[in-house]
Amino acid sequence: MVTNDITIAPPLRTAGARRPVRGRLILLGPAFVAAVAYVDPGNFATNSTAGARYGYLLVWVVVAANLAAMLVQTLTAKLGLATGLSLPELCREHLPRPVNRVMWVQAELVAMATDLAEVIGGAVALYLLFGIPLLAGGLLVGAAAFAVLALRSRGFRAFEIAIAVLLGVIMLAFAVNLLSARPDMSAAAGGLLPRMHDTDGMMLAAGILGATVMPHVIYVHSALTPNRIPVADETERRVVARGLRTDVLLALTAAGAVNLAMLLVAAATFHGSGIPGTDTLEGVHAGLAGSLGAVAALGFAVALLLSGLASTSVGTYAGEVIMQGFLRRRVPLAARRLVTLAPALLVLAVGVDPTRALVLSQVVLSFGIPFALIPMVAFTRRRDLMGDLVNRRLTTAAAVVITALVVALNAFLLWQLVA
């Protein structure tokens, strides 16, 4: 059956006893929807720029951000499972009304910043592939997202499978490019040592973090796990929780591998090469064509297009979750799509450098992370909400450290901007 656009699977004991493989597979999917947002066009811009400008120096940032994302998405999935509510719904239920309204406003701004990156990335990809002007390409990407979103009418599985397939094609494209680029793995291993050379590197690190730990998918993921499989007791709930952790591990490992491949390909191909313009998406595409061949450039452009299409679909769904959760209201999908699409089309119309806009959008996203992380940590440590799935002390401590680091990094960036 379908409830609130979410298809409810058979009870765990039925799905697991009669079809053990299917019973496990039904738990996979929500994290893959989240994961595609971790490889959106903003990641293409930040990771490629980081590799071209700093070589392997920021490998540790990509790895650390992905590990943080795994913990964040695990807690997010567990929150929805334990409470039966999304994070925005929990904020509405437990936070004072003025605070809830502030949370809603910033979440909507985050959704717009997300759509900015995704639509611009897709438009750039269409220009690289077919020579379509950026503004027209942005309109096409915005319209095409409706086709992916339409799959939700068939239940959650069709939507999740489509997103997972798109993620798989993106992985394949970067796997081919990585083999062609042949990065220096010894130097890449050296990049695991945390260090920073300048303020610009710090800005890029914030962009990588904003493009990896995505606020809007924290909201979306928490909305995909409630009531996914009806459970009879706490024992079955823990079984489902283990399945959701596996989902996060698989999906975020895939996304992390793509992010790392982006940086390694750029570092191996462009750093110190003297090739101009490799801190832009167009420059990366041209550089790949000149250094690795037309197939590598084609793979990059196709992956960028699929990334923009998939992630903007998830972003639009996030907007629905945000408004329904914080305000208990819905607006027509077409109206919401137009509102979130407008800033991206404006940027394309006035001729702002697309890559620069992408990187800055990721910095904006990094400022939205604490607004999602702080209430999520606060809720998941409450036994009255979580029951037996309440955080262990070590888990809460790790989540607090991640949140504190993000807040400190944002404070530093703000100081740099106004100083």
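# A chat about helices and loops

Reader: Hey, which residue follows α14, and what's its phi like?
Author: α14 is followed by G293, and the phi of G293 is positive, near 110 degrees. Helices here are DSSP runs of H or I with at least four residues, strands are runs of E with at least two, and both are numbered from the N terminus.

Reader: Before we go on, what kind of model is this?
Author: This is a predicted model, where local features need pLDDT of at least 70, side-chain atom pairs count only at pLDDT 80 or more, and totals for chains, interfaces and linings use all residues. Residues are numbered from 1 along each chain as its sequence is written, and side-chain values use heavy atoms, with hydrogens and water left out.

Reader: OK, back to α14. Which of its residues are buried?
Author: L281, G283, V284, H285, G287 and L288 are buried in α14. Buried means under 20% relative accessible area, exposed means over 50%, and partly exposed is in between, using a 1.4 Å probe and protein chains only.

Reader: Let's take H285. Why does H285 count as buried?
Author: Its relative accessible area is 16%, so H285 is buried. H285 is found in α14, which covers residues 281-291.

Reader: And what is H285 in contact with?
Author: Setting aside neighbours within four places in sequence, H285 is in contact with L128, A297, F300 and A301. Contact means heavy atoms within 4.5 Å.

Reader: How does the radius of gyration fit with a compact globule?
Author: It agrees: a compact globule with 419 residues would have a radius of gyration near 22 Å, and this chain has 20 Å. The radius is taken over C-alpha atoms, and the globule rule is 2.2 Å times the number of residues to the power 0.38.

Reader: What share of the 419 residues counts as buried?
Author: 56% of them do. As for contacts with a separation of 6 or more, 85% come from residues 24 or more positions apart.

Reader: New topic: α3. Is α3 mostly covered or mostly open?
Author: α3 is mostly covered, with eight of its eight residues buried. They are P30, A31, F32, V33, A34, A35, V36 and A37.

Reader: Tell me about P30. What does P30 touch?
Author: Not counting residues up to four places away in sequence, P30 touches E160, H221, L224, T225, R228 and D247. P30 lies in α3, residues 30-37, and because its relative accessibility is 0%, P30 counts as buried.

Reader: How far apart are P30 and D40 in space?
Author: They are 17 Å apart, C-alpha to C-alpha, and 10 residues apart in sequence.

Reader: Next, which helix has S311 in it?
Author: S311 lies in α15, residues 294-327. S311 has 0% relative accessibility, so it counts as buried.

Reader: What's around S311, leaving out residues up to four places away in sequence?
Author: S311 touches V36, A37, D40, P41 and E118. Also, a polar atom of the S311 side chain lies 2.5 Å from the backbone oxygen of S307.

Reader: And T403: which backbone oxygen lies 2.9 Å from its side chain?
Author: The backbone oxygen of A399 lies 2.9 Å from a polar atom of the T403 side chain. T403 sits in α19, residues 393-418.

Reader: Is T403 buried or exposed?
Author: T403 is buried, with a relative accessible area of 8%. Apart from neighbours within four places in sequence, T403 is in contact with L373, I374 and V377.

Reader: Last thing. What's the phi of R182?
Author: It's near 50 degrees, a positive value in a residue other than glycine. Most residues other than glycine have a negative phi. R182 is found in the loop between α9 (156-181) and α10 (185-190), and it is exposed, with a relative accessible area of 71%.

Reader: What about R328, where does R328 lie?
Author: R328 lies in the loop between α15 and α16 (333-350). Its phi is near 55 degrees, again positive in a residue other than glycine, and R328 is exposed at 58% relative accessible area.

Note on methods
A polar contact is a pair of N or O atoms within 3.5 Å; within protein, one must be able to donate a hydrogen and the other to accept it, and residues adjacent in sequence count only if both atoms are side-chain atoms.
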